[in-house]
Amino acid sequence: MEINHKRGIQIRKLLLGYGTESKFPTGLVILSLIFPLATWMIEFIINNYELNIHGIVEMHRNNSLLFIFDLNPLLLGFFGYKAESWLENLEKSYEEELDDKKSIIQRNAYFAKQIGEGKLDIEEAAIDEQDLLGRSLIRMKNNLLKTSQKESERSWITAGKDKIATILRLHNDLDELAYDTLVNLIDYIKVVQGAFYIYDEEENIIENKATYAYNRRKYENQQFKIGEGLVGQAAFEMDIIYRKEIPEDYLSITSGLLKEQKPNSILVVPLITDEKLQGVLEFASLEKDISELTINFLTELSDVIARTLFNLKVNKRTEKLLRDSQEMTEELKENEEELRQNAEEMRATHEELERSNSKLEQQITEVENAQKRLHSLLENASEVISIYDQELNLKYISPSVTNIYGFTVEEMMDGKDMDRLTARGTRDLQNMFKKLLDDPSETIVIQYTYMNKDGKKIYLETTGRNLLEDEAIAGIILNSQDITERKRAEKEERMKSKMQALSENSPDMIIRLNEEGQFFYANPIVKIFTGVDNKTIVTKKLHEVEFKEDIKNFFSEAIKDTVKSTQKQNYETVFPTNFGDRIMQVSTIPEFNEEGELETILFVAHDITEQKKIENEIKEKNKNITESINYAERIQKSLLPSTVHIQEFVPKSFIFYKPRDVVSGDFPWFFQKEEYIYIAAVDCTGHGVPGALLSFIGYFILNNVVDHDKEMNAGQILDKFHLGVRSALRQDKAGANARDGMDIAFCKINLKTNQLQYAGAHRPLYLVRNKELTEYKGNRKAIGGIPLGKKPEKDFKNYVLDMQKGDKIFFFSDGLPDQVGGPDKRKYQSKRIREALVDNADYSMAKFNEYFEKDFQKWKGDNKQIDDVLLIGIEF
């Protein structure tokens, strides 16, 4: 800049012929005189004018242009003067600009030096918008300040984690660890009250282990169940709870300086590791806010503390097992010494036994021969003989047990005598033993069932006698025999008697005929229906009885059918009776003898006239109900959007809609207004007619909310919808008990900008982009329902997504993931939907629709559809 200024001065001197001190351009004026003088010389030479004043005047009179050349020196002098002023002003502006540039460079250099020395608290001077370097330095300083602040916060968190980690390493006792950790945390995060809780997995409770400055007025219980209070709620949800609105009577903080004050904020932090709860930390502060830095610090630290608690619990269990193991080792050492002493005694006894063996061999031979004879007798006996000692242990059982029970003697001695008894049989035997011990002179007989080796139930009759005083027996002897055949004969006899009694008192007409039509039995009701005495028709043939011809013809045809099929036959026919035609339901049951030959046919006729009337009335009512439901279906279908209509606005889309019943509680909803379209999948409480009625309420309320204000976002629309449903169902009134509501996945789409807004009630939205799936979860509350006391409800969260070409979104009701099926009769589950969307990310919307229809049917198989199914997909 300075060099250019100097060159300008030199040019001015050269052109104007004066220095910087001169105010008039003398050089330029002298130079301008050359033009008129040269013109005069040419005129003098060409026209031969005299070189005097007269010649000059004559020359100007003849050529008026010479006056213009004569004025040239004056004009150049004037313009030269003006040029001088302009150049001076230009020079001054150059100098001022140069000074400004120097000042800016010096200021920026100083600013950069301060930043370089780490002095980031330097005040910012006024910076010109054109000063790009200065503005860049300010942005650099601000970025360095942010970075420094983040590093400071990170250092604070790291220092706190190191401090607490050191404390955790120092303690092996849970109580000491809890208190020391709590006190240091309260001091480090600058709060005034805290509590440390440990989760007891066996008792399923959260128990207070340490408190600091802790005094509850109302909740003095130091144990909480999962879900009870804020502590139990944080444990149940496994998430931090941060509250600023504290009930007046919840808790207070008492100290010598503060006296008694209510905290302004409460923070409850669950201690979780590997998705398992280990404990809970609770903090209270007099400050209005607990900083986000403190919350992040406690969030990161919670896993460290949880892992330490888990390790301490494991160590405690390990120590207990080790102590038990050491005690068992000591007992084994004592038993080993006793065994050694017993071995010495056994060796001595063995030597004595060897000496007496030779004496006993001859006696044993004699006894064996006697036993063989006895064994042969017992083995072929028709009853089982068993002997029990006073402690009810089996001492002996006869070999005949194999033929009767199927078990060997050894198996019976190993416990089969009692294992195969029923509970009642065991109880009867024990009672018998007790009575025999109380009165040895008594002989007791009992009957009970026993399961033999082939798995067949047999009936036993056992006679018991107490022969403990008999030296030959020295026990309680039982004689048992198989009475299964006898019991069967007795049962048949009882059944015959019972059947006879039932037939005689039955309201049904019961007749037994053989295939020739001969009567073997007729119960008294026959006389009531036909007017023919039932006692007079036994042994007669069908054509000999005075039945009406219609009845005879029916019996004849029924006999032929039953003989031909040899199977039970069922008929429904009209019988002419003494009190008019009656509708009868008749069953024919073939009865066979032991050789398998058809012996008789049992006819059982039941009057179903009144039942038929009721059935017809029910059919008529069902018909009317079905017609009403079908009409409701037509109304519902006329309200719901079709896939064709939706594809006019989003061509690449589909709706997979499969109601469980004729009408549905799930319904797709669509609305278009200006450049926006609104689309939702709604799941009402219940299905069928109740769900459909609720769907009508939801449909019209949602239409009204959306049509009211297009500026509302998706979350605000659901807030309005939520209040509208609650008001329509009177759930906001005192004493309301209707908990009906809806789940919903709701989208608002700007067709011009491709911006999507999403909000949900219990329902998610899946976005598939570049073959990756992102889930946007809805709020954990439904549309409608009874308000939960004084607990404030959260607004519905609004997601805003800028959609790209090729993006695919999917949302659905719970009918698809909840469907039971597959080889293990399990639920379809949302996980299966996500995997299908990712694995088949290249599918078109039509292909996805076909896939889910087939996969749903395949999964459901023969199982009943448990709920309405609705799935909507859109590709951008």
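These questions and answers set values from a predicted model against the cut-offs behind each label.

Q: Why is glutamate 96 called exposed?
A: Its relative accessibility is 53%. Exposed means over 50%, so glutamate 96 counts as exposed. This residue is found in helix 5 (residues 65–116).

Q: What makes up the negative surface patch?
A: Glu95, Glu96, Glu97, Asp99 and Asp100 form it. Asp and Glu count as negative, and a patch takes residues with over 30% relative accessible area and no salt bridge. Glutamate 96, at 53%, is over that area cut-off.

Q: Which residues form a nonpolar patch on the surface?
A: Leu71, Leu74, Leu75, Phe78 and Phe79 do, with about 560 Å² of accessible area together. Phenylalanine 78 lies in helix 5.

Q: Why is phenylalanine 78 called partly exposed?
A: Its relative accessible area is 48%. Partly exposed runs between the buried limit of 20% and the exposed limit of 50%, so phenylalanine 78 is partly exposed.

Q: How do you know that the buried residues of helix 4 line one face?
A: The buried residues of helix 4 (residues 53–62) are Gly55, Met59 and His60. Down the helix axis they fall within an arc of 130°, so they line one face. The face turned away from the buried side carries the exposed residues Ile53, His54 and Arg61.

Q: What makes glutamate 300 and arginine 154 a salt bridge?
A: Their side chains meet at 2.6 Å, N to O. The rule asks for a side-chain nitrogen of Lys or Arg within 4 Å of a carboxyl oxygen of Asp or Glu. The pair therefore qualifies. By this rule the count comes to 27 salt bridges.

Q: Why does the pair of glutamate 300 and arginine 154 tie together parts apart in sequence?
A: Glutamate 300 lies in helix 9 (residues 292–379) and arginine 154 in helix 6 (residues 132–170), so the tied parts are 146 residues apart in sequence. Glutamate 300, at 28% relative accessibility, counts as partly exposed. Arginine 154 is partly exposed too, with 37%.

Q: How do you know that glutamate 411 and lysine 453 form a salt bridge?
A: Their closest N and O atoms are 3.3 Å apart. The cut-off is 4 Å, so the pair counts. Glutamate 411 lies in helix 11 (residues 409–419) and lysine 453 in the loop between strand 11 (443–451) and strand 12 (457–467), so the pair ties together parts 42 residues apart in sequence.

Q: Why is aspartate 807 called buried?
A: Its relative accessible area is 2%. Buried means under 20%, so aspartate 807 is buried.

Q: What is the salt-bridge partner of aspartate 807, and where do the two residues lie?
A: The partner is arginine 769, with the closest N and O atoms 2.7 Å apart. Arginine 769 lies in strand 24 (residues 765–769) and aspartate 807 in the loop between strand 27 (799–802) and strand 28 (808–812), so the parts tied together are 38 residues apart in sequence. Arginine 769, at 25% relative accessibility, counts as partly exposed.

Q: What makes Arg582, Asp607, Glu610 and Lys613 one network?
A: Salt bridges that share partners join these residues.

Note on methods
Residues are numbered from 1 along each chain as its sequence is written. This is a predicted model: local features need pLDDT of at least 70, side-chain atom pairs count only at pLDDT 80 or more; totals for chains, interfaces and linings use all residues. Side-chain values use heavy atoms; hydrogens and water are left out. Buried means under 20% relative accessible area, exposed over 50%, partly exposed in between (1.4 Å probe, protein chains only). Helices (H or I, at least four residues) and strands (E, at least two) are DSSP runs, numbered from the N terminus. The arc is that of the directions from the helix axis to the C-beta atoms. Patches are made of residues with over 30% relative accessible area and no salt bridge: like charges are joined within 9 Å, nonpolar side chains (Val, Leu, Ile, Met, Phe, Trp, Tyr) within 5 Å. Accessible areas come from the Shrake-Rupley method with a 1.4 Å probe; for residues, only the protein chains shown count as cover. The place of a charge is taken as NZ of Lys, CZ of Arg, CG of Asp or CD of Glu.
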